Amino acid sequence: MGHPDNEYANASASDGETEAAFVGAIDCGTTSTRFILFDKNANPVLTHQVEYPQHYPYPGWHEHDPFDLIESMYICMDGVADKMDAAGLPLDAVKAVGITNQRETTVVWDRESGQPLYNAIVWDDARTAGTVRELAAENGPDVLKDRTGMPLTTYFSAIKLKWLMEHVQEVKDAHDEDRLAFGTVDSWFLYNLTGGPEGGLHLIDVTNASRTLLMNIKTRAWDDSLLSFFSLSPSILPEIRSSSEVYGHIEHGPFKGVPIAGMLGDQQAALVGQKCLRAGEAKNTYGTGAFLLFNTGEEVQYSKHGLISTVAYQAGPNNPAHYALEGSVSVAGSAITWLRDNLELIDSAAEIGELAGQVHDTGGVYFVTAFAGLFAPYWDSTATGTLIGLTGYTTKSHIARATLEAACFQTRAILEAMNADSGVEIQILRVDGGMTNSDLAMQLQSDILGLEVERPTMRESTALGSAIMAGSALKLWGWDVTKPETLDEVNTAGNVFFKPHDDDKARARQWAGWKRAIERAKRWHATDEPDADEPHSIHVQDKLPSAAGTPVDEPNEKDTQPNNNAKAKAK
């Protein structure tokens, strides 16, 4: 982004003095990390973003090098510091930093050395299907749902952690010798920012903890019975904290001394960024996957229709938690990436709207994007990606359009389950995320739902949510998440609305076709086939890439050039 306007240099701090003041947000998604500075009205003033390498060692496996994650964070923070210097903005204008992250992704490291013991296993990794079947064999996949709000599935962290314990000797040894540290990406970032092996904090926020299958959703504490179920020691766990408090301070780099004051999972952060702070408000984020969250207030509400119960946020250690019902789609924007990288139907993700817009419908084509099984509300880990309805008439434009519609149909399935669980008919869907940049995709979503779709002009809702939590912890600009009216001037840049067509028969016909396609995709992988997660144990030297990864798909040389200082800090 360019230099900020002069008004930003005169932003008012909470003490009423005239000085520049910003809140920073570290946002680590599935494919990239960014660092964004927001002003008191939530305008994104400066930003820096890099992509990092993805590792797919076997079908269904998805890993990140933990050092790549850390390096990407430092590159982004250093990049914003350089831009602040060029704009004449003092570094101490950054009053607080929040962290938001891809959830469920599982990181393990040696508490004594600070070194990772294996690659991070990403949230959409499906290698643990056999582990899930084994754990669910006696009492079914909902055996832990009353305590966690979630079914046994490849999605959640404890399943990945159990796989690591059983297949990576270094992890098992560290666990048995009481030097294993486990965390999600927020824990890994906070640990390194606050000193790493030299006093780094081992903490996790309550929203990320609620995605592990190890936290009791009602008490918001680690549960001994859950640890016993997975044969894990409590000593490996980070301390659970609220989503908005001062956890510690940055120990090195250009923002040394700045308090880290907000932490929450990316989808919960988007809920806060969209200001869905009251019971009955909902949003859908279309990123690598798609995630629809419905704020249920201060009470846990359990789903009878395939959704999960999760913590939405806790705005401070002395404040009650808010909960949400959630429906997750494992593949949304990543299907567009697949068209680009695997099938080479497009050269860039931005081209899909133009390609899909060359036809008026899909010509009867449906694309069930179950690359790693189906998430809510279907929960079928044996489902497979299915492109069906192909004829000699089909072109790549029909496939592109079917790819956009896939996320929209799965969103409808989740929304119908949400309406049934809550007893409240959602009248308008608030959206954010990369796919919402496509007007066609959002119009298709409105048409498939038969509902109005509302898209904000400022779409960095995920990063903004963590910034709001950090600002609220310090009461910067009077922000207080427990008093939503204090955020009335936040993120008011305007919205775009998409209204549905009025052809109910066409909508019903499309929906019936989607449900037929889903049935054909289900139960494809026979349960008696050998599992990818069973053949052998793996050692760190076989699987952990070098620490100094280089960002990929470089949009800008300045934005992605590796930083030697960042590498040193990551190590």
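User: Buried means under 20% relative accessible area, exposed over 50%, and partly exposed in between, with a 1.4 Å probe and protein chains only. On that scale, is T30 buried or exposed?

Analyst: T30 is buried, at a relative accessible area of 8%. This is a predicted model: local features need pLDDT of at least 70, side-chain atom pairs count only at pLDDT 80 or more, and totals for chains, interfaces and linings use all residues. Residues are numbered from 1 along each chain as its sequence is written, and side-chain values use heavy atoms, with hydrogens and water left out.

User: Where does T30 sit, and what is it in contact with?

Analyst: T30 is in the loop between β1 (22-28) and β2 (32-38). Helices here are DSSP runs of H or I with at least four residues, strands are E runs of at least two, and both are numbered from the N terminus. Setting aside neighbours within four places in sequence, T30 is in contact with Y52, Q54, H62, H64, Q102, V122, W123 and T288. Contact means heavy atoms within 4.5 Å.

User: Back up a bit. How many helices and strands does the protein chain have?

Analyst: The protein chain has 18 helices and 23 strands. Of its 571 residues, 60% count as buried. Taking contacts between residues at least 6 apart in sequence, 73% join residues at least 24 apart.

User: You listed W123 beside T30. How many aromatic pairs does the structure hold?

Analyst: The structure holds 21 aromatic pairs. One of them is W123 with F291: the ring centres are 5.6 Å apart and the planes stand at 70°, so this pair is edge-to-face. Rings of Phe, Tyr and Trp (its six-membered ring) pair if their centres lie within 6.5 Å; planes under 30 degrees apart are stacked, over 60 edge-to-face, and the rest tilted.

User: Why does the W123 and F291 pair tie together parts that are apart in sequence?

Analyst: W123 is in the loop between β7 (120-121) and α2 (129-136), while F291 is in strand β16 (residues 290-297), so the pair ties together parts 168 residues apart in sequence. Both are buried: W123 has a relative accessible area of 3% and F291 has 6%.

User: What about F375 and W379, stacked or edge-to-face?

Analyst: Stacked, because their planes are at 25°, with ring centres 5.6 Å apart. F375 is buried at 4% relative accessibility, whereas W379 is partly exposed at 23%. Ring pairs link W123, Y155, F156, F291, F375 and W379 into a cluster.

User: Which charge lies over the face of F291?

Analyst: R103, at 5.3 Å from the ring centre. R127 lies over the face of W61, at 3.8 Å from the ring centre. A charge sits over a ring if NZ of Lys or CZ of Arg is within 6 Å of the ring centre and within 35 degrees of the ring normal.

User: Backbone next. Which residues does a cis peptide bond join?

Analyst: A376 and P377, with omega about -5°. P377 lies in the loop between β19 (366-368) and β20 (386-388). W379 is also placed in the loop between β19 and β20, and its phi is near 50°, a positive value in a residue other than glycine. K475, in the loop between α14 (461-474) and β23 (495-498), has a positive phi near 55°.

User: Is K475 buried or partly exposed?

Analyst: Partly exposed, at a relative accessible area of 43%.

User: You mentioned α14. How do the axes of α9 and α14 cross?

Analyst: The axes of helix α9 (residues 266-273) and α14 come within 6 Å and cross at roughly 80°. That makes α9 roughly perpendicular to α14. Axes are lines fitted to C-alpha atoms, for helices over the stretch in contact, with angles from 0 to 180 degrees between N-to-C directions. Under 35 degrees is roughly parallel, over 145 roughly antiparallel, 65 to 115 roughly perpendicular, and the rest oblique.

User: Which residues meet there?

Analyst: From α9, D266, A269, A270, V272 and G273; from α14, S461, T462, L464, G465, S466, I468 and M469.

User: Last one. Where does A349 lie?

Analyst: A349 is in the loop between α10 (333-341) and α11 (352-356), and is partly exposed at 37% relative accessible area. Not counting residues up to four places away in sequence, A349 touches I336 and R340.
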